[in-house]
Amino acid sequence: PASFPNKNSKSKYEKSFPILGGEEDLKIFRDRLSYNFFKVFVQFAKFHVFPVLTEESIEMITNSYLNWRVKENFFFPVTIRKLETITRLSVAYSKCHLQEKVFPKDVKFVNQFMKKSMDKEDQNEKSNTN
């Protein structure tokens, strides 16, 4: 049977993005959830959960996109694809929580995630350490 990676190994994403969850969250996840449960959960969410954006979420996505367009300190240019990415990740994050709506807290999480991945200073630090 398939299993999760070694408990002691850390992927580059676990090291780079502490926002995804701390050590304890990962330990709980690995200790309590089986691979088969995870597969069933993903299949259920994929076919039965379809979150809808709320007005507040739409406004928050729009404002963050416009703010990013003005800010020049990103490693990658901010294009319309980033707007689509923010929207899709917000819906996916809500889907993972089996929610019927995309709430502003979901968009806030995605904004933090995207900002961390797009930040030019952070990218420069990573390239200097490699």
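# A tour from helix α4

An α-helix has 3.6 residues a turn, so residues three or four places apart point the same way.

The model is predicted: local features need pLDDT of at least 70 and side-chain atom pairs pLDDT 80 or more, while totals for chains, interfaces and linings use all residues. Residues are numbered from 1 along each chain as its sequence is written, and side-chain values use heavy atoms, with hydrogens and water left out.

Now show the whole of α4, residues 55-70. From first C-alpha to last, its 16 residues reach 23 Å, close to the 22 Å expected at 1.5 Å a residue; the expected span is 1.5 Å times one less than the number of residues.

Helices (H or I, at least four residues) and strands (E, at least two) are DSSP runs, numbered from the N terminus.

In α5, select Ser94. Ser94 is buried, with a relative accessible area of 0%. Leaving aside residues up to four places away in sequence, Ser94 touches Pro51, Gln99, Lys101, Val102, Phe103 and Asp106, a contact being heavy atoms within 4.5 Å.

Then select Tyr93 and Phe109. Rings of Phe, Tyr and Trp (its six-membered ring) pair if their centres lie within 6.5 Å, and planes under 30 degrees apart count as stacked, over 60 as edge-to-face and the rest as tilted. The count comes to two aromatic pairs. In one of them, the rings of Tyr93 and Phe109 have centres 4.3 Å apart and planes at 15°, so the pair is stacked. Tyr93 lies in α5 and Phe109 in α6, so the pair ties together parts 16 residues apart in sequence. Tyr93 is partly exposed at 24% relative accessible area, whereas Phe109 is buried at 18%.

Finally, zoom out. The protein has seven helices and two strands, in the order α-α-α-β-α-α-β-α-α from the N terminus. Of its 130 residues, 23% are buried.

Technical notes: Buried < 20%, exposed > 50% of the residue type's maximum accessible area, 1.4 Å probe, protein only.
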